Structures are given as C-alpha cells and as structure tokens.
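Thanks for making the time this morning. I would like to walk you through one model, starting with the chain as a whole and then moving to a pair of its helices.

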Amino acid sequence: MPLDPRIPEVTNIMGVRMTVYENPRLLASDNLRGCCMHSQGRIEIDPLLCPDQQCETYWHEVLHAVAYAVEVKMDEDEVSRLARGLFQVLRANGLAFGDREILYYQLPSNGATLTADAYVKARQE
C-alpha cells in the first residue's frame, strides 16, 4: 500500500529539505510507525498504516524535525500528543496539507465528518 497522497514527497523544515519515504519494515521490525533522520534529510513512514495514521505519523515526524532544528527538547509522548492535536485541527478545518487539500467535509444534518467522495454520495441521497 503506498503512502497517502496527502503526504508531500518533500517538506522544507527550517531550511532542511526532508524527503518522505515508505518503509514497510518499521512496524514489523521496530514497532515504529515512522522515524525522522534530520541529519540525513529523511522521514520514513510505514505504508501499512491506514491513511489517517500515515498523516498523523507524518506530522509527528515533522514535529521531531522542527524540535531538533530549534533545539527544543520534547519527549516522545509530548511529540505524539502535539502531532495528534495538530492533525485533528488540520483535518477538521479542511486546511491545506502541503500542496494537497485535506478533503473532509461535515454533513450539516448530523455533523458527521466524511471524505469528499462520501460527502458527495451522502448529499445525493
């Protein structure tokens, strides 16, 4: 399974070009969802994760890179909580994700959050 298309292939983090790679061995071998190698300009994400987990993992690794670049010490739990919160804000508000828009919509009738395809289908029913 390839990475979610919402995840940019390259991200500029504080002037460092970070390339995003698939690594399907992360979960199996190290029980990791992703990893950030700032000095190598590399973010790896396990493509076996569901799309939302891939996106949340992307933000988790971006936060690691930012913390490293600005010399802020955060433990793994702090990074995880911030990444989860950041991704939820982006998703809930349909904000840009790189040059790809996160396509989630809320139904006015019950407030359910749907993907663009599901939203169109629900509106037709």
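Predicted model: local features only at pLDDT ≥ 70, side-chain atom pairs only at ≥ 80, totals over all residues.

If we take the contacts between residues at least 6 apart in sequence, 40% of them join residues at least 24 apart.

Let me now turn to the helix pair. Helix H2 covers residues 51-69 and helix H3 covers residues 76-92, and their axes come within 8 Å of each other and cross at roughly 125°. Because of that angle, H2 counts as oblique to H3, and the crossing in which H2 passes H3 is right-handed.

Which residues meet where H2 and H3 come together? From H2 there are Asp 52, Cys 55, Glu 56, Trp 59, His 60, Leu 63 and His 64, and on the H3 side they meet Glu 76, Val 79, Ser 80, Leu 82, Ala 83, Arg 84, Leu 86, Phe 87, Leu 90 and Arg 91.

Two residues of H2 are worth looking at one by one. Is His 60, to begin with, buried or exposed? His 60, which has its place in helix H2, has a relative accessible area of 9%, and since the cut-off for buried is under 20%, His 60 is therefore buried. Once its neighbours within four places in sequence are left aside, His 60 is in contact with Glu 76, Val 79, Ser 80 and Ala 83. With Ser 80 in particular, the separation is 20 residues in sequence, while the C-alpha to C-alpha distance in space is 6.0 Å.

The other residue is Thr 57, which is also found in helix H2. Its relative accessible area is 4%, so Thr 57 is buried as well. What does Thr 57 touch, leaving aside its neighbours within four places in sequence? Its contacts are Arg 33, Gly 34, Ile 45 and Leu 49, whereas those listed for His 60 are Glu 76, Val 79, Ser 80 and Ala 83.

Methods
Residues numbered from 1 in each chain as written. Heavy atoms only, no water. Axes fitted to C-alpha atoms, helices over the stretch in contact; angles between N-to-C directions. Helix = DSSP H or I, 4+ residues; strand = E, 2+ residues; numbered from the N terminus. Parallel < 35°, antiparallel > 145°, perpendicular 65-115°, else oblique. Left-handed = near helix turned anticlockwise from the far one by under 90°. Contact = heavy atoms within 4.5 Å. Buried < 20%, exposed > 50% of the residue type's maximum accessible area, 1.4 Å probe, protein only.
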